[in-house]
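My notes follow in the order I looked things up.

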Amino acid sequence: MTTLTSLYREMPPDTTDEFLEMITELEGRRKSQRLAEKKNQPVCTHFCGDVIAAEGISGHPGYRKRAPLRREGHHALQLADEVESRISLGKCGLSSQQNVAYKTWKTWRKDNSADSLLQRLDRDDGRNVTEPEMRKLINVLSGLLFPTTSIDDKMKVDFEWQDWSETPQRIATYYHGNKGGPLISMCCFNQVGDEGYDNLGIVASGRIATILNGLVHAYLDCYACRCKGVLGSFEEDVEQLAGHGRAWQRIAGSIERWSPRILGYPLDIHRFDSIVLNWYDWKHWPSRREVESWQLDYYATTEFDESDSDDEKGGEGEGGGESEEM
Ligand SMILES: [Zn+2]
Ligand SMILES: [Zn+2]
């Protein structure tokens, strides 16, 4: 009998619609074959199944702070939920730490001089931005996306430029913590930008998107529980598709929707490409509902303009968030 997994071995989808059709068909077959439901799978016993996202509004009854982040201490999908619920608050939900990062980002963004960070990041040779500057950029993006408090375990992502001009398809690599990372290595020449925006050039846009892609890997690498053979295992939610499993897809999707409002630019993190490029790595197929929730065609089908930015809507100097730690 043909296994479900082997059905699509030969043919990665060309479009997001085609992918969704495949998943829908697969789900139909799965149901008709009455395959063992996941209900019978054991659950993780590492005490990491608790909800970690904050709940309610600070100062109001029923408010609960976000649980402290522990190294390898949370289920990947719980981490994704946490990011999604925080990101959905937009600029008003920024903590004091995030506001500091946001101000730095805004300074870079509004700097229209020929030598500004974003202009230099757009040059053919990425090394026009030094490695310490790149680390600072990563730090600011990480502080905006994944803020921590004094009681959280911290994640610190390193960066290095590489000259991979001999291998044009090689753009960037993320190294795991146990391999001397977390470290994002990026080629100083090869890039995959598709579209520039306002004062953000195509190359700079591609490089920032590449950093965000790597930061999602680092976040999951740092905080996701390594549980095996259980419901919501590390393999299924994180590791498969070369690290672009369910949790990565959910978080990267949240970030793409967040990016125009906070960063002021839409950024394509290449979520569908991550699926197609690693097509033969599927071990656990997602459900149709799951794939629909990823909104893989978000970047391709959404029209962006300046007024999408919270900045333009809220005006200058609006403090936004609470001063309490998240
Ligand atoms: Zn676990
Ligand atoms: Zn990636």
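**Entry 1: glutamine 295.** I began with a single residue. Glutamine 295 has 17 other C-beta atoms within 10 Å, so I logged it as partly exposed. I placed glutamine 295 in the loop between α11 (288-294) and α12 (298-301). Its phi is near 45°, a positive value in a residue other than glycine. I kept in mind that this is a predicted model.

**Entry 2: aspartate 198.** I looked at another positive phi. Aspartate 198 is not a glycine, yet its phi is about 55°. I found aspartate 198 in the loop that runs between β3 (183-187) and α7 (202-223). Buried or partly exposed? Aspartate 198 has 14 C-beta neighbours inside 10 Å, so I put it down as partly exposed.

**Entry 3: the whole chain.** I stepped back for the totals. The protein chain holds 13 helices and three strands. Of its 326 residues, 35% count as buried. I also checked contacts between residues at least 6 apart in sequence: 72% of them join residues at least 24 apart.

**Entry 4: the cores.** Which residues touch the most other members of the largest nonpolar core? I noted Leu79, Leu212, Leu215, Tyr219, Leu220, Ala224 and Ala247, out of 55 residues in that core. Helix α7 gives the most to this core, with 12 residues. A second, separate core has eight residues, including Phe19, Phe272, Ile275 and Trp294.

I then followed leucine 220. Setting aside neighbours within four places in sequence, I found leucine 220 in contact with Ala76, Leu79, Val238, Ala247 and Trp248.

**Entry 5: α7 on α9.** I turned to helix pairs. α7 and α9 pack at an angle of about 135°, and their axes are 10 Å apart. The two helices are therefore oblique to each other. I recorded a right-handed crossing for α7 and α9. On the α7 side, the contact uses Leu212, Asn213, Val216, His217 and Leu220. On the α9 side, I listed Ala247, Trp248, Ile251, Ala252 and Ile255. By class, the contact of α7 with α9 has eight nonpolar, two polar and no charged residues.

**Entry 6: α8 on α9.** I took the next pair. Helix α8 (residues 234-243) packs on helix α9 (residues 246-262) at an angle of about 90°, with the axes 5 Å apart. That angle makes α8 roughly perpendicular to α9. From α8, the contact draws on Glu236, Asp237, Val238 and Gly243. From α9, I noted Arg246, Ala247 and Trp248. The residues of the contact of α8 with α9 divide into three nonpolar, one polar and three charged.

How many residues of α8 are buried? I got eight of its 10, so I wrote α8 down as mostly covered. The buried ones are Phe234, Glu236, Asp237, Val238, Glu239, Gln240, Leu241 and Gly243. They pack against α3 (76-87), α7, α9 and α10 (271-277).

**Entry 7: α4 on α6.** I checked one more pair. Helix α4 (residues 96-110) and helix α6 (residues 131-145) pack at an angle of about 135°, with axes 8 Å apart. That makes α4 oblique to α6. I recorded their crossing as left-handed. Gln97, Gln98, Ala101, Tyr102, Thr104 and Trp105 in α4 meet Val140, Gly143 and Leu144 in α6. I sorted the contact of α4 with α6 into five nonpolar, four polar and no charged residues.

**Entry 8: two distances.** I finished with two pairs set apart along the chain. Arginine 261 sits in helix α9. Arginine 261 has 18 C-beta neighbours inside 10 Å and counts as partly exposed. Its C-alpha is 7.7 Å from that of lysine 91, although 170 residues separate them along the chain.

Glutamate 303 lies in the loop between α12 and α13 (310-314). I counted 6 other C-beta atoms within 10 Å, so glutamate 303 is exposed. Glutamate 303 and proline 266 are 37 residues apart in sequence, and their C-alpha atoms are 9.5 Å apart in space.

Note on methods: Residues numbered from 1 in each chain as written. Chains lettered and ligands numbered in written order. Predicted model: local features only at pLDDT ≥ 70, side-chain atom pairs only at ≥ 80, totals over all residues. Axes fitted to C-alpha atoms, helices over the stretch in contact; angles between N-to-C directions. Helix = DSSP H or I, 4+ residues; strand = E, 2+ residues; numbered from the N terminus. Parallel < 35°, antiparallel > 145°, perpendicular 65-115°, else oblique. Left-handed = near helix turned anticlockwise from the far one by under 90°. Contact = placed C-beta atoms within 7 Å. Nonpolar A, V, L, I, M, F, W, Y, C, P; charged D, E, K, R; others polar. Buried ≥ 20, exposed ≤ 12 C-beta atoms within 10 Å, placed from the backbone. Core = buried A, V, L, I, M, F, W, Y, C linked by C-beta atoms within 7 Å.
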